[in-house]
Amino acid sequence: MSKSWSDLERHSIREAIDLWHRIGGEEFISRTRFKESNRYVVVDRGQIISSKPLLAMAFQLQFGCDQDGPPRLSGGDQTRAILNKRGYELVDTYGETSQPTEVPLVTIDVQSDTNLWWVNQSTNFALVYADGTLWAAAKGRNGQQVAHWQNLEKVRPGDLVIHYSRPEIRAVSRVATMPTSSYPPDGYGDVAADTPGILVLTSPLHARRVPRESALQFLDNGVGPLTNEGGLRNGYLFPLNRDNALEIFHLMDANTAFEDLPPVDLGISLEAGQLGPTDNYAITRVRAEQRFLRRQQLRRWGGLCALCGQKLPDELLVAAHIKPRWACSDEERMDIVNISMLTCMFGCDALFELGYVVVSDNGTIECGSKPSHLIRDRLTPVVGRPCQAHTRESREYFSWHRKHHLANRES
Ligand SMILES: [Zn+2]
């Protein structure tokens, strides 16, 4: 009897995802009769996986190849329904950056010390633009320095980045953080997950498509992203001449303003505690980090609070560091995915951060050392539950948190 999509089991999707990691996307897709689509994808361990080939492969794995291939898949909605029902999230990479019919007029502040950059991005554009990430490996495959990657180390908060993804310019974003060491975030999965690299977080500013030909006429040959012959260079990140960039902003229907704001303090770390209330860039930076961590965690865990386990709207969940950044080694700081978790704004974030609850070595949520009689009603739904974010990779971070708060018991 012929099988239908409703017979597909969750574990088959998991096996298909593992196969994708083992053999790579190209080989994977060639073994199905679907084409690669970059619109509807599943994100797993930083890889962007085309959803239709994924389902087709899962089907083949579960029912073997004696079937007449998998049944038809009508479109995004059906694909989403099949995946959601089995606990996987379908990401519409067009969703968050699509053009509204009326693009509001934006004004882009360009200060005297603002540097301008051009980034060439692949099919990962939509995902990483919305996440607000620019990432490049620290070294080439053979350990060599790669200049267009190393440019990322020169990027500073406040700089502006023009995003190009074939065949056109897509958007502008504002740099929000200093470059930091990091393993690849979601969307950069064509390298191993433990590849050391440089991460810069950005804030999406303005999405507006401009055809390549219109933009290139305003760029100087042999400068920045252009070759001497006037073609686009292969490579990642290039400095842009300021006047060239301003022309492109106008093509994107953006106004420009040139009023200098107070200087940016480049010494600031990623900790939120050190902000002055009027520090524009500091707020941008904290928001960018929160958006980035939250989106990474949401894709990983779905919209669940890691402590109380409630499924909640995204905006009621915050990404919290398990071990605070100030206490992390350089290596731990690079572990952006495992160092944080999602907690809800109904108190779980505070219970954990202040040490009212800790997570034991086997992943069970326990009372911390603080007096708990006044908040017993708050603790009851949480204590004794398994903490969803407790994994082999995050166990040491929870252990640090537990010891830190228990050590402070007597003080
Ligand atoms: Zn909660």
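**Group meeting talk: a walk through a predicted model**

Two terms need explaining. pLDDT is the predictor's confidence in each residue, from 0 to 100. Two residues are in contact if their C-beta atoms, placed from the backbone, lie within 7 Å.

So, this is a predicted model: local features need pLDDT of at least 70, side-chain atom pairs count only at pLDDT 80 or more, and totals for chains, interfaces and linings use all residues. Residues are numbered from 1 along each chain as its sequence is written.

How confident is the rest? The mean pLDDT of the protein is 86, and 89% of its residues reach 70 or more. Confidence is lowest in strand 3, residues 91-92, at a mean of 74. Confidence is highest in strand 5, residues 116-121, at 97. Residues 96-101 have pLDDT below 50, and this stretch has eight contacts beyond near neighbours in sequence. Where pLDDT is low, the predicted coordinates should not be read in detail.

Now the overall picture. The protein has 13 helices and 16 strands. Helices (H or I, at least four residues) and strands (E, at least two) are DSSP runs, numbered from the N terminus. Of the 411 residues, 36% count as buried. Buried means that 20 or more other C-beta atoms lie within 10 Å of the residue's own; exposed means 12 or fewer, and partly exposed is in between, with C-beta atoms placed from the backbone. Take the contacts between residues at least 6 apart in sequence: 71% of them join residues at least 24 apart.

Three strands form an open sheet in the order 2-1-3, with antiparallel pairing. Strand 2 (47-50) and strand 3 stand at the edges with a single partner strand each, so one side of each has no neighbour in the sheet. Strands pair if DSSP finds at least two bridges between them. Strand 1 and strand 2 are joined by four bridges. Val41 has Ser50 in strand 2 as its bridge partner.

On to strand 8, residues 168-175. Seven of its eight residues are buried, so strand 8 is largely enclosed by the rest of the structure. What joins strand 7 to strand 8? A hairpin does, through two residues. Strand 7 (residues 160-165) and strand 8 pair in the antiparallel sense over six bridges. There, His163 stands opposite Ala171. Strand 8 also runs antiparallel to strand 10 (residues 197-211), with seven bridges. Here Ala171 stands opposite Ala207.

Strand 10 has another partner to mention. Strand 6 pairs with strand 10 in the antiparallel sense, over five bridges. Thr133 stands opposite Leu201 in strand 10. Strand 6 covers residues 133-137, and four of its five residues are buried.

Now the core. A nonpolar core is a set of buried Ala, Val, Leu, Ile, Met, Phe, Trp, Tyr and Cys residues joined through C-beta atoms within 7 Å. The largest one has 92 residues, and Leu54, Trp117, Ile162 and Leu307 touch the most other members. Leaving out residues up to four places away in sequence, the contacts of Trp117 include Val155, Val161, Leu237 and Phe238.

In helix 4 (residues 76-85), Thr79, Ile82 and Leu83 are buried. They cover an arc of only 95° around the axis, which puts them on the same side of helix 4. The arc is that of the directions from the helix axis to the C-beta atoms. The buried residues of helix 4 pack against strand 1 (40-44) and helix 3 (51-63). The face turned away carries exposed residues: Asp77, Ala81, Asn84 and Lys85. Just after helix 4, Gly87 takes a positive phi of about 85°.

Last, helix 13. Which of its residues are buried? Tyr397, Phe398 and His401. Seen down the axis, these buried residues fall within an arc of 100°, so they line one face of helix 13. They pack against strand 15 (357-359). Lys403 and Ala407, on the other side of helix 13, are exposed. Why does the length fit? At 1.5 Å a residue, the 13 residues (395-407) should span 18 Å, and the end C-alpha atoms are 18 Å apart, which agrees. That expected span is 1.5 Å times one less than the number of residues.
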